[in-house]
Amino acid sequence: MYLFFVDGGEIGENEARITGPDVNHIKNVLRMKPGDKLRISDGERLCYNCQIRDLGEEAVSLSLLSKDEDGTELPARIVLFQGLPKGDKMELVIQKNVELGVFRIVPVAARRSVVKLDPKKAEAKVRRWNAISESAAKQSKRTVIPEVSAVLSFKEAVDQAGDFDCRLFPYEHAEGMEETRRLLSEVKPGMRIAVFIGPEGGFEEEEVEYARAKGFTPITLGRRILRTETAGMALLSALMFQLEK
């Protein structure tokens, strides 16, 4: 079934309404009719199975059939701190990591980030990135739209993640998979998990030392060097298998 995100104020005890651009999409693109079934989410993990009651000009009226208590979210909140990559790679990073279950994405301007965004460009980029996140959340039947936040400096990002339960910091010069396996084995439902991924060229040694001083332990993702757009997906996949029941 198709999934749509609805403001919580539009969801009643036995009925709900879809408003905004999704009305046109339901009527004229999907060509749905009264009696057709779909799913809605309040964006806060609650999902409902619904049936279309009426298709109006400004709203689609729904009857609530059942509540999905389980939803589709991972039982831990994973925040991806992604070093800004070149070109349109950030869009791929957002799309695929949203599909894998990331809770929030924080773009990070690391020292080796080739992309340098001025405030106006950054604002426009963040708007587009959030639209991509919403689209990916709908496609993958998420019940939450992961937020793509404003761009942070590396130090701001490390400081923001300072009180997370688990902080995963892949680094190409780290050695031994044992530490990676140990940290992954300790991941449990309810945790807040920070995943730091460097840009093309990785992190500078000074950045690594700053992270170490803040309590981060660099880990390896294996003997192969992964591209920046691949590394996060590899680690998110491992976390998904650890957390899903």
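**Notebook: aromatic pairs, sheet and cysteines**

I looked up F154 first: its relative accessibility is 5%, so F154 counts as buried (under 20% relative accessible area; exposed is over 50%, partly exposed in between, with a 1.4 Å probe and protein chains only). This is a predicted model, in which local features need pLDDT of at least 70 and side-chain atom pairs count only at pLDDT 80 or more, while totals for chains, interfaces and linings use all residues. Residues are numbered from 1 along each chain as its sequence is written, and side-chain values use heavy atoms, with hydrogens and water left out.

**Rings**

I searched the whole structure for aromatic pairs and noted nine. Rings of Phe, Tyr and Trp (its six-membered ring) pair if their centres lie within 6.5 Å; planes under 30 degrees apart are stacked, over 60 edge-to-face, the rest tilted. F154 and F203 make a tilted pair, with 5.4 Å between centres and 55° between planes. F154 belongs to helix 4 (residues 154-160) and F203 to the loop between strand 11 (192-197) and helix 6 (205-213), 49 residues apart. Helices (H or I, at least four residues) and strands (E, at least two) are DSSP runs, numbered from the N terminus. F203 is also buried, at 4% relative accessibility.

I then took F169 and F216: their centres are 6.1 Å apart and their planes at 70°, so this pair is edge-to-face. F169 is in strand 10 (residues 166-170), and F216 is in the loop between helix 6 and strand 12 (217-219), 47 residues apart. Both F169 and F216 are buried. Ring pairs join F81, F154, F164, F169, F196, F203 and F216 in a cluster.

I checked for charges over these rings (NZ of Lys or CZ of Arg within 6 Å of the ring centre and within 35 degrees of the ring normal). The charged end of R167 sits over F216, 4.9 Å from the ring centre, and that of R192 over F164, at 4.5 Å.

I traced an open sheet of five strands, order 1-3-4-5-2, with mixed pairing. Strand 1 (3-5) and strand 2 (15-19) are at the edges with a single partner strand each, so one side of each has no neighbour in the sheet. Strands pair if DSSP finds at least two bridges between them. Strand 4 (residues 47-55) and strand 5 (residues 59-68) pair antiparallel over eight bridges, and Y48 stands opposite K67 in strand 5.

**Cysteines**

I found zero disulfides (pairs of cysteine sulfur atoms within 2.5 Å). The closest cysteine sulfur to that of C47 is in C50, 8.1 Å away and too far for a bond. C47 is buried at 0% relative accessible area.
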